[in-house]
Amino acid sequence: MQRATKKMKLYLTVREVAVRYGVDAATIWRWRKNAANSFPQPHDFGPQTKRWKIADLDAWDDAIKARAA
C-alpha cells in the first residue's frame, strides 16, 4: 500500500493541475482537447479516474518556455 501512495504523489488530479496553472478545471479539459496546444494526456487509473504525471507537465512547461525564448 505504501508503494501505491508514493506512486500517486507522482500524479495530479485535474483540480491540482488547475491550481498549478491558476485556471478552472474546465480549462484543463479544454486545453487537452485543443490539439495545437499539445497539453499532456492524463493517465487512466480507473473508469472515471484520470491523473496527470508531474513529469509530463514539467516537460510541457519546458517546451512552452523554449518556444517563448
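Entry 1. I started with Lys 50, which is found in strand 3; strands (E, at least two residues) and helices (H or I, at least four residues) are DSSP runs, numbered from the N terminus. This is a predicted model, where local features need pLDDT of at least 70 and side-chain atom pairs count only at pLDDT 80 or more, while totals for chains, interfaces and linings use all residues. Residues are numbered from 1 along each chain as its sequence is written, and side-chain values use heavy atoms, leaving out hydrogens and water.

Entry 2. I looked up the exposure of Lys 50 and found a relative accessible area of 31%, so Lys 50 is partly exposed (buried is under 20%, exposed over 50%, partly exposed in between; 1.4 Å probe, protein chains only).

Entry 3. I listed what Lys 50 touches, leaving out residues up to four places away in sequence: Leu 12, Thr 13, Trp 29, Pro 42, His 43 and Asp 44 (contact means heavy atoms within 4.5 Å). Leu 12 is 38 residues from Lys 50 in sequence, and their C-alpha atoms are 8.7 Å apart.

Entry 4. I turned to helix 2, residues 14–21, where Val 14, Val 17 and Ala 18 are the buried residues. They lie on the same side of helix 2 because they cover an arc of only 100° around the axis, taken from the directions from the helix axis to the C-beta atoms. Arg 15 and Val 19, on the other side of helix 2, are exposed.

Entry 5. I checked what covers the buried residues of helix 2; the cover includes strand 1 (11–12), helix 3 (25–33), strand 3 (49–53) and helix 4 (54–68).
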